[in-house]
Amino acid sequence: MGILNKMKQFCFVNLRKKKYEILSDCKRVIGKPNKYHPLLLKGKGQISFGKNVQIGVISSPNFYSHYTYLEAREEWSEIIIGENVVLNNAFSIESSLKVVIENNVLIGVNCSIIDNDGHNLAIDKRKIGDPETASVCIHQNVFLGSNVTILKGVTIGENSIIGNGSVVTKNIPENVIAVGNPARVIRNL
């Protein structure tokens with residue numbers, strides 16, 4: 001019975017991954033990540049993966065119920081993911097400009113990065129105006145805990161750690177631990 005259940009799980013996961021491949025419409029994809037979790041690639045921009053990028057973690061929450069979402073919305077939009085990056089389950093990026101994740105970054109469950117306001121903030125332009133954008137850069141060896149949100153214009157310095165549930169609204173220097181909403185540095189590494 002154990003082998004049969006494992007075979008069913010394997011088939012279920014592979015069918016889910018195939019479904020999201022079919023639903024993906026981004027035509028400008030460079031590189032091929034290791035997918036353990038469904039991955040949806042959307043938009044007119046470019047999405048690139050370095051070597052040894054892992055999408056999803058089997059022994060982590062949301063493995064069977066969620067997917068990874070990467071959207072390079074406009075023709076000029078870019079998402080660049082470096083080498084040896086692990087993106088845990090239910091991760092998302094929405095890029096209207098540019099999001100860079102450098103090498104050896106670990107990202108926890110249910111994290112998101114967005115390089116724009118989503119909608120124009122002016123009341124009369126909220127439905128029709130372009131939102132403000134600013135690039136995001138996560139430098140190498142950064143660790144984002146679970147449920148972290150990174151907002152537009154943020155740079156996180158090398159080796160830094162962002163604690164669970166933090167909302168990062170401003171730059172974080174290298175070699176620190178930052179936590180909270182909004183995230184603030186609590187100590188050096």
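Salt bridges, each defined as a side-chain nitrogen of Lys or Arg within 4 Å of a carboxyl oxygen of Asp or Glu, number 7 in this structure. The model is predicted, so local features need pLDDT of at least 70 and side-chain atom pairs count only at pLDDT 80 or more, while totals for chains, interfaces and linings use all residues. Residues are numbered from 1 along each chain as its sequence is written, and side-chain values use heavy atoms, with hydrogens and water left out.

Select Lys-35 and Glu-21, whose side chains form a salt bridge at 2.9 Å, N to O. Lys-35 belongs to strand 2 (residues 34–35) and Glu-21 to helix 1 (residues 2–23), so the pair links parts 14 residues apart in sequence. Helices (H or I, at least four residues) and strands (E, at least two) are DSSP runs, numbered from the N terminus. Lys-35 has a relative accessible area of 24% and is partly exposed; this class lies between buried (under 20% relative accessible area) and exposed (over 50%), with a 1.4 Å probe and protein chains only. Glu-21, at 37%, is also partly exposed.

Next, select Asp-25 and Lys-42, which meet in a salt bridge at 3.2 Å, N to O. Asp-25 sits in the loop between helix 1 and strand 1 (28–30), and Lys-42 in strand 3 (residues 39–42), so parts 17 residues apart in sequence are tied together.

Then select Lys-98 and Glu-78, bridged at 3.9 Å, N to O. Strand 10 (residues 98–101) holds Lys-98 and strand 7 (residues 78–81) holds Glu-78, so this pair ties parts 20 residues apart in sequence.

Finally, select Lys-18, Glu-21 and Lys-35 together: salt bridges with shared partners join these residues into one network.
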